[in-house]
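Subject: Structure for your review

Dear colleague,

I am handing over the structure we spoke of, together with notes on what was found in it. Please read the notes with the structure open beside them.

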Amino acid sequence: MTQGYITLASKSTDDKQIKQAVLLASSLRLVDTTREVCLVVDKIDDVPQKYENSFDSIIELPYGHHDLTEDIALNIWQIYHCSPFKKTMYMDRRTLVTTDMDDIWESVIKN
C-alpha cells in the first residue's frame, strides 16, 4: 500500500484513546475504502482484541513511550519512523471524517 492513514493512541488508564482511534478508523472506512488505516500504540498487547479488526495494521512505537502525561502526543515524531506507507496522512484520533479525502490526497501528491 502506498497511501494510508495513521493515528496514535495509548491505553493509559482505560481504553478511551483506543476507542477514539476505532471511531476515527470507522469514519475513514466510510469515506475512503481504498486506503488502509494504521494504529500506532505504545504496547500492542494493550489493544483489546475486539478492536483489532478496526485497523489494517497495529504497530508499536519503535522507540518506546516517552510521554509522561496521559496524552501520547509527545511521541508523534516516531510516526515518521514506523509508518508502513509511502505516503502517510496523520489523523488525530479525536477526529471524525465525514467527507471524501481524495482532494486532500491529490493536493499533497502534486506538491
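This is a predicted model: local features need pLDDT of at least 70, side-chain atom pairs count only at pLDDT 80 or more; totals for chains, interfaces and linings use all residues.

Residues are numbered from 1 along each chain as its sequence is written, and side-chain values use heavy atoms, with hydrogens and water left out.

Overall make-up

The protein chain has 3 helices and 4 strands, where helices (H or I, at least four residues) and strands (E, at least two) are DSSP runs numbered from the N terminus. Read from the N terminus, the elements follow the order β-α-β-β-α-β-α. Of the 111 residues in the protein chain, 41% are buried; here buried means under 20% relative accessible area, exposed means over 50%, and partly exposed lies in between (1.4 Å probe, protein chains only). The chain exposes about 6,700 Å², of which carbon and sulfur atoms supply 51%, the areas coming from the Shrake-Rupley method with a 1.4 Å probe and, for residues, with only the protein chains shown counting as cover. If one takes contacts (heavy atoms within 4.5 Å) between residues at least 6 apart in sequence, 62% of them join residues at least 24 apart.

The 4 strands form an open sheet in the order 3-2-1-4, with parallel pairing; two strands pair if DSSP finds at least two bridges between them. Strand 3 (57–60) and strand 4 (87–90) are at the edges with a single partner strand each, so one side of each has no neighbour in the sheet. From one strand to the next, the twist averages 30°. Helix 1 (residues 16–31) packs on this sheet, where it touches strand 1 (3–9) and strand 2, and its direction makes about 160° with that of strand 1; axes are lines fitted to C-alpha atoms, for helices over the stretch in contact, and angles run from 0 to 180 degrees between N-to-C directions.

Strand 1 and strand 2 run parallel and are joined by 6 bridges, and Ile6 has Cys38 in strand 2 as its bridge partner. Strand 2 (residues 36–41) is in turn joined to strand 3, also in parallel, by 4 bridges, with Leu39 opposite Ile58 and Val41 opposite Glu60. Strand 2 is mostly covered, since 5 of its 6 residues are buried.

Ser27 belongs to helix 1 and, with a relative accessible area of 8%, is buried. Apart from its neighbours within four places in sequence, Ser27 is in contact with Thr95, Leu96 and Val97.

Aromatic pairs

How many aromatic pairs does a search of the whole structure find? There are 2, on the rule that rings of Phe, Tyr and Trp (its six-membered ring) pair if their centres lie within 6.5 Å, with planes under 30 degrees apart counted as stacked, over 60 as edge-to-face and the rest as tilted. Tyr5 and Trp105 make an edge-to-face pair, 5.5 Å centre to centre with 70° between the planes. Because Tyr5 lies in strand 1 and Trp105 in helix 3 (residues 102–110), this pair ties together parts that are 100 residues apart in sequence. Tyr5 is buried at 1% relative accessible area, and Trp105 is buried at 2%. The rings of Tyr63 and Trp77 have centres 5.5 Å apart and planes at 20°, so this pair is stacked. Tyr63 is partly exposed at 45% relative accessibility, as is Trp77 at 43%.

Salt bridges

The count comes to 4 salt bridges, each being a side-chain nitrogen of Lys or Arg within 4 Å of a carboxyl oxygen of Asp or Glu. Asp56 and Arg29 meet in one of them (3.1 Å, N to O); Asp56 lies in the loop between strand 2 and strand 3 and Arg29 in helix 1, so the pair ties together parts that are 27 residues apart in sequence. In another, the closest N and O atoms of Asp32 and Arg35 are 2.6 Å apart, and both residues are buried. Asp32, Arg35 and Asp102 are linked in a network of salt bridges. Asp92 and Arg94 also form a salt bridge (2.9 Å, N to O), in which Asp92 is partly exposed at 25% relative accessibility and Arg94 is partly exposed at 48%.

With best regards
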